Amino acid sequence: MKQSEIKELAVADIQEKLAGVKKNYSDLKMAHAISPLENPIQLKDLRKTVARLATELTKREVQ
């Protein structure tokens, strides 16, 4: 998910997406611990998406 897409979302939508992406990340991480993923780059991408969403949420709370 790109930063420009995140900026267009409402705060409630960002919180929903953040919860969903965090759950997806933890599920993939657990699956990767059991047996290697076919594409481990997915973990890196999800981690960065979590950071982008959390950053935008924090930025909006400060304003």
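Where is proline 36 found? Select it and you'll land in the loop between helix H2 (11-34) and helix H3 (41-62). Keep in mind that you're looking at a predicted model. Proline 36 counts as exposed, because its relative accessibility is 70% and the cut-off for exposed is over 50%.

**Zoom out**

Show the whole protein chain as a cartoon. The C-alpha atoms fill a box of roughly 45 × 15 × 15 Å along the principal axes. Now look at how the chain meets itself: among contacts with a separation of 6 or more, 65% are between residues 24 or more positions apart.

Of the 63 residues, 24% are buried. If you colour by charge, you'll pick out 12 positive and 9 negative side chains, and the centres of these two sets lie 6 Å apart.

**Select H2**

Go to residues 11-34, which make up H2. How far apart are its end C-alpha atoms? They are 35 Å apart; the 24 residues should span 34 Å at 1.5 Å a residue, so the two figures agree.

Now show side chains for Ile14, Leu18, Val21, Tyr25 and Leu28, which are buried in H2. The cover over the buried residues of H2 includes helix H1 (3-7) and H3.

**Into the core**

Select Ile14, Leu18, Val21, Leu28, Leu43, Leu46 and Leu53 together. These have the most contacts inside the largest nonpolar core, which has 13 residues. Both H2 and H3 supply at least two residues each to this core. As background, nonpolar side chains in soluble globular proteins tend to be buried together.

Centre on valine 21 for a view from inside. Leaving aside residues up to four places away in sequence, valine 21 touches Leu46, Thr49, Val50 and Leu53.

**Hop to threonine 49**

One of those partners, Thr49, sits in helix H3. Buried or exposed? Threonine 49 counts as buried, because its relative accessibility is 10% and the cut-off is under 20%. With residues up to four places away in sequence left out, it touches Met1 and Val21.

Proline 36 and threonine 49 are 13 residues apart along the chain, and their C-alpha atoms are separated by 21 Å.

Lysine 7 counts as partly exposed, at 47% relative accessibility. Besides Glu56, lysine 7 touches Lys59 and Arg60, again not counting residues up to four places away in sequence.

Key: Residues are numbered from 1 along each chain as its sequence is written. This is a predicted model: local features need pLDDT of at least 70, side-chain atom pairs count only at pLDDT 80 or more; totals for chains, interfaces and linings use all residues. Side-chain values use heavy atoms; hydrogens and water are left out. Buried means under 20% relative accessible area, exposed over 50%, partly exposed in between (1.4 Å probe, protein chains only). Contact means heavy atoms within 4.5 Å. Lys and Arg count as positive and Asp and Glu as negative; His and the chain ends are not counted. The place of a charge is taken as NZ of Lys, CZ of Arg, CG of Asp or CD of Glu. Helices (H or I, at least four residues) and strands (E, at least two) are DSSP runs, numbered from the N terminus. A nonpolar core is a set of buried Ala, Val, Leu, Ile, Met, Phe, Trp, Tyr and Cys residues joined through side-chain atoms within 4.5 Å. The expected span of a helix is 1.5 Å times one less than its number of residues.
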